[in-house]
Structures are given as C-alpha cells and as structure tokens.
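Open the structure in your viewer and keep the selection tool at hand. Each stop below says what to select and what is there.

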Amino acid sequence: MAGDASWEESYPIAYFHREIAVLKPMPPGDRDSSDQEEDTLISLDAILPDDLLEKVLSFLPIASIVRSSSVCKRWYEAVHSGRPSWAKMSPQKPWYFMFTCSDDAVSGYAYDPSLRKWYSFDFPCIEKSNWLTSSSCGLVCVMDGEDRSRIFVCNPVTRDWKRLGDAPGGCSPDYCALAVSVDRRTHGYTVAVAKCKQVPQDYYQWDFSIHIYESATSSWVTLFTQVLAGWRSGDECVICNGVLYLLIYSTSVLRNVESRHCLVMYDLAARPSSSGTSLMQMAIPAPCSLTCGRLMNLGDRLVMVGGIGKHDRPGIIKGIGIWELEKKEWWEVARMPHKFFQGFGEFDDVFASSGADDLVYIQSFGSPALLTFDMSQKLWKWSVKSPVTKRFPLQLFTGFCFEPRLEVAS
C-alpha cells in the first residue's frame, strides 16, 4: 500500500558499508615513499566520537534515526543511549498513533506528518483499546481501562517503559481522567489522576479526588478530595504550566444547556487544601453548547477542540471548533470548514482529538480518516490515507498523538 512503511524495516550491514569513507595516512616527510607499499584503511565511523556521531544522526528524520540503529552495535547504543545530546536534534512534529477499537492486542499505524508517511507500529504497554492515554515531551502515560490503579509510562520510540506503583483512589471509579507532564529541562515527570465516583444512592453528589505521582520521589500523593454537587468529572484533563485543568459535566437536567460543560483547575505547585478551596468557585463555562471537549497543551497554551451542538438539540453535533484559554476566557481560534466536516462522512457526537506544539489531530471514531490543523498557519489538511481499513460497518477507530523523542526515559 502506498505510504505504508514498516517501522521494523532494516537494511543489511553491507548496504551501509558501501558508504564508509576511507582515509590514507600521509607518509612522514623523512621516509621514502617506496617504503609505503601497504596502505592503511581506517573507517571514518571508527574515529568519529560518539557526540559527533549523534550530531550527524540528529539531522535525520526520527524514523531514519531508529532504523540506523540496526547498522551495528555502536550505532544501536548511540541511538538508545538516552543522552541529553538528542534533545538538540532537528525539531520533529508530533506523530499520531491510530488503531482499531477491539478486544485484541493493540497494534496499529503511526503517522509522521513531516514525511507524510504511515509506519506499522506496535505500541508498548497498551493491552486494550479502552485504556486511557496522555502524552508529553516524548513520554506516553497509559491507564488500564478496567483496573484504574494500573498505570504505565513509556517512550514509544525507544520502547523504554515502566509500571508505576498502584494509584490511590480505588481501581474502579465511575469516571477517571489521566494527564502527564514532562519537564523539558530535567526530564522528570508528573502524572495526575482525577477520579470521580457517585455517592451511593445520590445521583446529585459525586466524590471527587486528585492524585499525583512524581518521578523524583517515585510515589503517589492524594492532593485533593471534595464532594461535587450537580457536577461530575469525566475522562478529559491536561497539565499546562503547572496547573491541572479538567472538564466537568452537569448532572442536573434543570441546568441551562449552555453550561453543560465547565472547566475547573487545580494548581499542582500551590496545592490548595480541600477545606479552603471549592473547585466550582473558579469554574469557567464552555464557550458554547458542546457535544464533547478535548483538552491539550500546545506549547504551554491550553487549547480545547469541541463538538458544537445544535441550538435546539445540543446533543447533536453540527460542527467542530477550536478555542484557546487566555486570562480565563475562551477565544475562538478556528472552526472546521464544512467541506472537511463532511469529509469524515457520518461524524459522531464524540470524537478523538489531541495535539502538541502547533499541530492538532482530529479523528472520527467511525472512520480512519485523519485531519490536521496547524495552529500557526491556520491550515486544515488531510493526512495521507491511513492503512487502517474498515472491515465492517460498525467498526470503531481511535488514536492519540505523541512527540517522537530519544532522550526521555520512563
């Protein structure tokens, strides 16, 4: 299939040996040239220091760098060293991993927007398609969809991964949201989990809690617990500039439909106590009636992609908008042109969307079509056709984006 390339593709060592330069040492001036009958051949790779080797490789696309690790043991160790020098590699746009929703093991394809290619990709750690995911600066955090205490952190490119200690708050809350944030300087990371469970026999009240894991201490801490009245959390949250942002949903049928979604925040650095803080005091209403909302951190900017509901039927989607939060107000960035909205075919009221840097991905659960939006250029663009195919009418698809990086480890 056109555009399909195997991530595991490798080349024979002899292929690369043809490219090795040969150096001939200059004979000393006081020696007769007739004595230099034997030429000494030296591989350029043998005398190239590790830092220069990594510098040369860093100019390649990330897929080519990983493939180069099959050349020899030294190149493999250089690519998988995790040294900070890889942080200086050429900028890489975020990739998108797409897979089908099923009970089978998760495998799919990763899309590289720079080369506009899809790669066959087996994602480490994810066992089922219903697992929650969050990504930041090369790391992806995943949570078991059935046991919400099981959480893993991995680098999908180097395939380095670890399981964290069991998260507090129980293994089966009614709703759970997951977020990870990586410090780009130290590469330490924070994982935040928000759990929500209905108070027994009281649909109006919900027990809500926030728990964080810090790689520096390798331990969990419960930061916040509170009972929400008339509101519950869902599966959408993100960390941006040290603040945890969550979308919450109204459980009251008497509320104004324009306020069915609200944004709440919790400062992970200040860590206000539960007794002196109410999440709802600083809640920010959604910019319009939404069918769903997806939060993302784009270069330390909080961005939301949302399905715009019809005025008379707010649960039915009529379009998709993108907003950015500035000084606790939503500012519209763009609305998806109708021709792109129609291009998905039948668009569900809920959909997959994620992003990093300046790139936003949008995917319908009912279609393998993938649309991108460049925040800096305000440009909508379809990806190359996905190798993922629809085998039966009700088959579902999903995905998420991640930054391909080599220097970050779990």
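Select tryptophan 95 and tyrosine 119: both are buried, where buried means under 20% relative accessible area, exposed over 50% and partly exposed in between, with a 1.4 Å probe and protein chains only. This is a predicted model, in which local features need pLDDT of at least 70 and side-chain atom pairs count only at pLDDT 80 or more, while totals for chains, interfaces and linings use all residues. Residues are numbered from 1 along each chain as its sequence is written, and side-chain values use heavy atoms, with hydrogens and water left out.

**Aromatic pairs**

The whole structure holds 24 aromatic pairs. Rings of Phe, Tyr and Trp (its six-membered ring) pair if their centres lie within 6.5 Å; planes under 30 degrees apart count as stacked, over 60 as edge-to-face and the rest as tilted. Tryptophan 95 and tyrosine 119 are a stacked pair, 5.4 Å centre to centre with 20° between the planes. Tryptophan 95 is in strand S4 and tyrosine 119 in strand S6, so their pair ties together parts 24 residues apart in sequence. Helices (H or I, at least four residues) and strands (E, at least two) are DSSP runs, numbered from the N terminus.

Next, select tyrosine 189 and tyrosine 213, also a stacked pair, at 6.4 Å centre to centre and 25° between the planes. Tyrosine 189 is buried, as is tyrosine 213.

**Nonpolar cores**

Which residues touch the most other members of the largest nonpolar core? They are Phe97, Phe123, Phe400, Phe402 and Leu406, in a core of 31 residues. A nonpolar core is a set of buried Ala, Val, Leu, Ile, Met, Phe, Trp, Tyr and Cys residues joined through side-chain atoms within 4.5 Å. Select helix H4 to see the largest share of this core, four residues. Apart from this core lies another, of 23 residues, including Phe208, Ile210, Cys237 and Tyr266.

**The largest pocket**

Move to the largest pocket, with a volume of about 1,100 Å³. On a 1 Å grid over the protein atoms alone, a pocket is an open set of points with protein on both sides within 12 Å along at least five of seven lines, and lining residues have an atom within 4 Å of a point. Grid points are joined across faces, edges and corners, and the volume is the space filled by probe spheres set on the points. Select Thr133, Ser134, Glu236, Leu295 and Ser354, the closest to the pocket's centre of the 43 residues that line it. Strand S15 gives the largest share of the lining, six residues.

**Single residues**

Select arginine 232, which lies over the face of tyrosine 175, 3.8 Å from the ring centre. A charge sits over a ring if NZ of Lys or CZ of Arg is within 6 Å of the ring centre and within 35 degrees of the ring normal.

Then select cysteine 125, in the loop between S6 and S7. Cysteine 125 has a positive phi of about 80° although it is not a glycine, and at 17% relative accessibility it counts as buried. Arginine 271, another residue other than glycine, has a positive phi near 50°. Arginine 271 is partly exposed, with a relative accessible area of 32%.

Notes. 1 Å grid on protein atoms, 1.4 Å probe; cavity = no way out; pocket = protein on both sides within 12 Å on 5 of 7 lines; lining within 4 Å.
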